[in-house]
Amino acid sequence: MTTVAGIPGAVALEKLDTRSWKTPVALGVFALGAVVLFLGLPRDGQADFQFSQSGDFFSIPDLIFTATPVCIGLAFACVLLAAGSFALVWFKRLTPLWYIGIFAALFLVGFLAWAAAGLRPLPLTGLLLGSVSLSIPLVFGSLGGVIGERTGVVNVAIEGQLLGGAFTAALVSSVTGSFTAGLFAAAVAGVLIALILGVFAITYIVEQVVVGVVVNVLVLGLTNFGYSTILTVDPEHLNRSATLPALPIPLLSQIPVIGPALFDQSIIVYVAYVAVPAVWYALFRTKWGLRARSVGEHPEAADTVGINVNRTRYLNLVIAGAIVGFGGAYFTIGSVGSFSQNMTGGQGFIALAAVIFGRWDPVRAAMAALLFGFATNLQNSLGILGSPVPSEFLLMLPYLVTVFAVAGLVGRSQAPAADGKPYIK
Amino acid sequence: MTATAAAPGPAQVEMPKDPSRGRQIIRDILGGSVVISILAVVVGLVVGAILIAVTDPGVQAASGYFFDRPGATFAALGDSVGGAYSSLFQGAIYDFGRPDFLSGIAPLMNTLDLATPLILGGLGLALGFRIGLFNIGGQGQTLVGGAVAGWVAWSFPLPFPWGLILSIVAGIVGGAVAGGVVGLLKARTGASEVIVTIMLNYIVFYFISLLLRTPGALQAAGTINPKSPSPPDSARVPDLFGAQFSVTWMFVIAIAATVFFWWLMSRSSLGFKFRAVGENPAAARTAGIGVDSMYIWGMVLSGALVGLVGVNQVLAFTVGGFGSGFDAGIGFNAITVALLGRSRPLGVFLAGLLFGALNSGGYVMQAANDIPIDIVLVVQSIVVLFIAAPPLVRVLFGLPRPGTAPRRRAKAPKAVEAE
């Protein structure tokens, strides 16, 4: 603020310094955790990572090793990497992303080996498959959230949109017998909920978080009511849809480990693969995206150059609603084929967490969604194996990580400038 | 605060100029917040009636021959909606089917019992709203307050009033800490309290679940169920009017909390600072108010009040020990109560009574008329949506805009919410 003209660089450097200490600290905490866990509470026995399953292109033998020495080695590697990160910051260099990636991979392998030691084989394909399945609604939810917040509308109603999409998809595709109709209806439901949000948040400038929370309650009430009065009256015809067929992609689906998990999925999953880069491209490389982001950052300026702020927000909210509602269909016709009360169970809030953890970027948000899905699924898998890790810890992980993220302890989360602020001419 | 405080001022200035002063007053009343609140409730009940009618088999059957005998459709409509709302009333206020007055009034007592946690939670969240803090963490703070209160109750079995008092204080402290953490994070790091409280709801939920299945933590001895021991009798909140009615002394505490809220916000210097920060943090900072410490104390007090909800759930409502879901959605319903009450003590109190009545009546309606209780959620949320958007209600009912308020409402979205 009080920079002397001529040396603005000094101030920028100082800022860079304070910010980048967070990475080594975070790595240090994880490394410390690894040391405590792997050395302090060692677990004996063999860890068995299962790579291949029948039908793969070629098979990779299981990786079987004694857990304790490997875990200790990995813990020391983590400590070294954390120390290296401290050193990098000391010499005023940034810790590169791939460096953090290697750290995360080592920590994860160590953790899995530690948790699965002496238990049944850990099927990596299943782990990945479950992660993708649990992540898909989160990916759609976070994409919708990113679009909304980039244009300045906080969408807490993701939960409601997912739930609404799940309900209508089950009902419509059960009645019509057509998946296309079900998916379309789910998107329409998402749009309708987005319009409620828009009318109150944009037109009547009610606090957006409040509208979101209340809309969630409204959708929960409506779907519960509809479930009890409509779906359960004749569940055979109204709430029993077939599930979307898996469409294996030739060759790709036979790659060991990742093939069955990524390329032997239903159409909703493939749409997610396309949607993430598409939303990124649209937001950052097109005129539409530039306008949308300008409305979210500085609506007055956008208005000055002739962009209709509120119309832009409505449009984007509707698009986001369609995306989230479509994703909600995954809960019913994408996986189990029937609707049950409150079946989204807070996934919309994890998607919101992914938006923030992903720093309002579609690709990062989708990655965060994958990470959260992985954490949830790890809890399932380890629970089946009978691992000592309390399942609650892994379940609360996404939320914990998000709190750290918004508190600025992990990376820097900066929301769009006009996020949550109504625009009044 | 803004609109009510600001409305009389300019209105008085303008009134002498206005030849028809009486008409002006009527305009103000018609467009004012009380009428808006009542109309919002009407809209909610009408939507509920539509849902009931549409899903009622009798109405569906009768509408099949609507053009032959339109009267039959309307009769069926009246039967379903009238029957449902009559059950709602008899389940919430007075049951005419009971032989004597004492048993007839039991539904009203049940309403008071169900309203108690809603009032306490609504007050807690309303306190935050007045400071400009969106505390969505009612669930988490309830869980912490209740778990701490319960743990103290069975860990320190003191004779009657002391065990209970200690547990209540512990519950308040528990909620205050859970809220204070959020305030601290917001003040120190600028983390959005909305996100942090939502996330903490889940963190606390899973943490309590873990403790509930860990022997020696919160789990009852000699069981494998994730359930706590039941608190000793000496730490239970006694019934207010004897065992025949469900309402407990927690209702008196809720009244006391309402008075405390009023005193704090309207008569204390801390409350003045709270309001100043809520109106305009930048101006408050310029005036020398420590905004950051107001955020911390605001969240502490907000959490403390919500902690009492946990006390109510653990020591008054379900006395046989608790599972991880003992907050029963009150943390979220309290948001709607605070909004409906416009974050005013009396408003929150009345809103809590209304939603308590809807819940109490909803159960009877579910049992007698086979209408799912979830309709109460729909009615509640619609009421709150419309309360929050007075211009929309005015458009719907063709009401005049009150003399002064609309411009302010349009300019200050937080004021709309905080009204």
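Analyst: Let's begin with a nonpolar surface patch of about 900 Å² on chain B, formed by B:Trp151, B:Phe156, B:Leu158, B:Trp162, B:Ile165, B:Leu166, B:Val169, B:Val173, B:Val177 and B:Val181. Patches take residues with over 30% relative accessible area and no salt bridge, joining like charges within 9 Å and nonpolar side chains (Val, Leu, Ile, Met, Phe, Trp, Tyr) within 5 Å. The areas come from the Shrake-Rupley method with a 1.4 Å probe, and for residues only the protein chains shown count as cover.

Please keep in mind that this is a predicted model, in which local features need pLDDT of at least 70 and side-chain atom pairs count only at pLDDT 80 or more, while totals for chains, interfaces and linings use all residues. Residues are numbered from 1 along each chain as its sequence is written, chains are lettered from A and ligands numbered from 1 in the order in which they are written, and side-chain values use heavy atoms, with hydrogens and water left out.

To find the patch, look for helix α10 (residues 160-189) of chain B, which gives the largest share of it, seven residues. Helices (H or I, at least four residues) and strands (E, at least two) are DSSP runs, numbered from the N terminus. B:Phe156 sits in the loop between α9 (138-155) and α10 of chain B. With a relative accessible area of 42%, B:Phe156 is partly exposed, because that class lies between buried (under 20%) and exposed (over 50%), with a 1.4 Å probe and protein chains only.

Charged pairs come next. Side chains of opposite charge can pair when their charged atoms come close. A:Glu236 is partly exposed at 48% relative accessibility, whereas A:Arg240 is exposed at 55%. On chain B, B:Asp233 and B:Arg236 meet at 2.9 Å, N to O, in another salt bridge. B:Asp233 is exposed, with a relative accessible area of 57%, and B:Arg236 is partly exposed, at 24%.

A further salt bridge links A:Glu392 with B:Arg213, with 2.8 Å between N and O. This pair crosses between chains: A:Glu392 belongs to helix α17 (residues 391-406) of chain A, and B:Arg213 to the loop between α11 (193-212) and α12 (250-267) of chain B. A:Glu392 is buried, at 7% relative accessible area, while B:Arg213 is partly exposed, at 38%.

That pair leads us to where the chains meet. There, 41 residues of chain A are in contact (heavy atoms within 4.5 Å) with 46 residues of chain B. Together the chains bury about 3900 Å², 85% of it on carbon and sulfur atoms; buried area is the accessible area (1.4 Å probe) that two parts lose on being put together, summed over both. Of the area that chain A buries against chain B, A:Tyr204, A:Phe225 and A:Glu392 supply 16%, more than any other three residues. Between chain A and chain B, one salt bridge is counted. The side of chain A that touches chain B takes at least two residues from each of α7 (179-203), α8 (208-231), α15 (347-357) and α17 of chain A. Its largest share, 14 residues, comes from α8(A).

A:Ile205, in the loop between α7 and α8 of chain A, has a positive phi of about 35° although it is not a glycine. A:Ile205 is buried, with 10% relative accessible area. B:Arg342, another non-glycine residue with a positive phi, has a value near 50°. B:Arg342 lies in the loop between α16 (330-340) and α17 (345-369) of chain B and is buried at 8% relative accessibility.

Finally, visit A:Ala115 in helix α4 (residues 97-116) of chain A. A:Ala115 counts as buried, at 0% relative accessibility. Leaving out residues up to four places away in sequence, A:Ala115 touches A:Arg43, A:Leu382, A:Ser387, A:Pro388 and A:Val389. The C-alpha atoms of A:Ala115 and A:Arg43 are separated by 7.9 Å, although the two residues are 72 residues apart along the chain.

Key. A salt bridge is a side-chain nitrogen of Lys or Arg within 4 Å of a carboxyl oxygen of Asp or Glu.
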